[in-house]
Amino acid sequence: MNQGLLQYGCYFETLRENILFADLPNDSLKTLLEISKNQIWPKKTCILDSDHTLHRFYIVISGKIKEYQYEINQNKELIQNILIKNDFFNICTLLKGHASRLFYEVLSSSELIYISMEDMRLWMDENPKIIGPIVNYLVKKTEKLEDRVFDLCSMDTSSRLAKLLIENFNIKTNKIELINGLSNSILAGLIGTTRAVLNRHLQDFKAIGILNIEGGNIEMINLPLLFHKLQVLSEKPPHEKEFLPNLS
């Protein structure tokens, strides 16, 4: 057992739930943990250097981490994903050997385990069953990016916000999860707009009884009305959508 991983049992159970490792035997996971190390990234930590993106493969144990691209010439940021428990990153670097263009910012204190790229590649050679899940993950990620590009091209910001809220609503707990508690700047980045425009739409949703917003938390009040609003917006011609009045 890797004595550096004090919570070995907890990490093992987390990996057991991870989609990458679900079909692998316990001995393979134990071997992986033997070559792993753990880290705590405090809130607001920014990962901008290639040492993290070129030389290490990460698995998130807890917390929230923003994954994004940044265009320095235009001073623009594009949020790719919000990483949480059982997410992982640097898979493309793992496969092709080139440093990723993605950066990371810790939104809440996060615990991770990491494996050096060299050790991870050797482990993969000994556990080829991991290749299938990795390919499936990359396919799903590509499809998700394609959907996002389509949404940016075909939907107005109000519709994109409605879709984001619906996608992150857990009907079992009756709560908006993952994105709840994130700043308006981050929410705006997730739907490709500005904080001012996002706030206007949030206030519109609140005014017509879809949401309640208090202390940075978003509470779903009327999910059917949100679905109805999204449907109405989707049926409008593109030039009309931004000017659609509030539903009563």
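Helix 6 is the main contributor to the lining of the largest pocket, giving nine residues; helices here are DSSP runs of H or I with at least four residues, and strands are runs of E with at least two, both numbered from the N terminus. The model is a predicted one, in which local features need pLDDT of at least 70, side-chain atom pairs count only at pLDDT 80 or more, and totals for chains, interfaces and linings use all residues. Residues are numbered from 1 along each chain as its sequence is written, and side-chain values use heavy atoms, with hydrogens and water left out.

The largest pocket holds about 880 Å³ of space. A pocket, on a 1 Å grid over the protein atoms alone, is an open set of points where a 1.4 Å probe fits, with protein on both sides within 12 Å along at least five of seven lines, and lining residues have an atom within 4 Å of a point. Its volume is the space filled by probe spheres set on the points, which are joined across faces, edges and corners. The lining counts 29 residues, with Q80, N81, I82, K144 and E167 closest to the centre. Two or more lining residues come from each of strand 4 (76-83), helix 6 (131-154) and helix 7 (157-167). Because domain 1 (9-129) and domain 2 (152-231) both give residues to this lining, the largest pocket lies between them; the domain bounds come from an automatic or database domain assignment. By class, the lining has 13 nonpolar, 11 charged and five polar residues, where Ala, Val, Leu, Ile, Met, Phe, Trp, Tyr, Cys and Pro count as nonpolar, Asp, Glu, Lys and Arg as charged, and the others, Gly among them, as polar.

Turning to the second largest pocket, the space amounts to about 380 Å³. Its lining has 21 residues, and C92, S100, R101, L102 and K141 lie nearest the centre. Helix 6 again gives the most, here with five residues. The lining of this second largest pocket comprises 10 nonpolar, seven polar and four charged residues.

Helix 7 and helix 9 (residues 195-207) pack at about 70°, with axes 10 Å apart; axes are lines fitted to C-alpha atoms over the stretch in contact, and angles run from 0 to 180 degrees between N-to-C directions. Helix 7 and helix 9 are therefore roughly perpendicular to each other, the class for angles of 65 to 115 degrees.

Definitions and conventions:
Angles under 35 degrees count as roughly parallel, over 145 as roughly antiparallel, 65 to 115 as roughly perpendicular and the rest as oblique.
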